[in-house]
Amino acid sequence: MLENFDPPGRERCYRLVARLLQAWPESKGLIGASWYYDPALGRISPKLAYLHDVPAGHGAIFLRAGSAPADVAGAVARSDTRRRLHRSGEYRPVSYLMVWARADILRHYAGSEPGS
């Protein structure tokens with residue numbers, strides 16, 4: 001689904017999450033963990049800043065989860081810049097846990113259509 005791994009695709013995803021939350025009232029929100037939630041990533045790969053900044057701007061919190069081989073592999077797989085910075089010791093991919101409360105997601109995304 002890499003063709004949807006961009007700001008418009010992510011916005012569609014958040015709108016779909018809001019629809020799921022509306023249909024599933026027991027759900028408390030959304031959680032996820034990834035190296036691309038690292039707030040430092042925006043300085044290294046500005047095009048990926050939206051992955052952290054959009055949820056953070058709408059109430060999500062991020063907890064440092066550490067760095068594992070899978071985080072490094074994911075972070076350097078598609079970027080010569082990140083690969084070079086990692087090899088030189090200037091960048092260490094770190095995974096962050098995103099916790100985004102139901103109320104915050106619905107406040108921003110409820111009522112909007114996934115394709116809009």
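Is R83 buried, partly exposed or exposed? Select R83 to begin: at 23% relative accessibility it counts as partly exposed, where buried means under 20% relative accessible area, exposed over 50%, and partly exposed in between (1.4 Å probe, protein chains only). The model is predicted, so local features need pLDDT of at least 70 and side-chain atom pairs count only at pLDDT 80 or more, while totals for chains, interfaces and linings use all residues. Residues are numbered from 1 along each chain as its sequence is written, and side-chain values use heavy atoms, with hydrogens and water left out.

D80 is exposed, at 59% relative accessibility, and both residues lie in helix 5, 3 residues apart; helices here are DSSP runs (H or I, at least four residues), numbered from the N terminus.

D104 counts as buried at 19% relative accessibility, whereas R107 counts as exposed at 62%.

Finally, select I105, which, leaving aside its neighbours within four places in sequence, is in contact (heavy atoms within 4.5 Å) with residues including Y14, L30 and W100.

Key: Helices (H or I, at least four residues) and strands (E, at least two) are DSSP runs, numbered from the N terminus.
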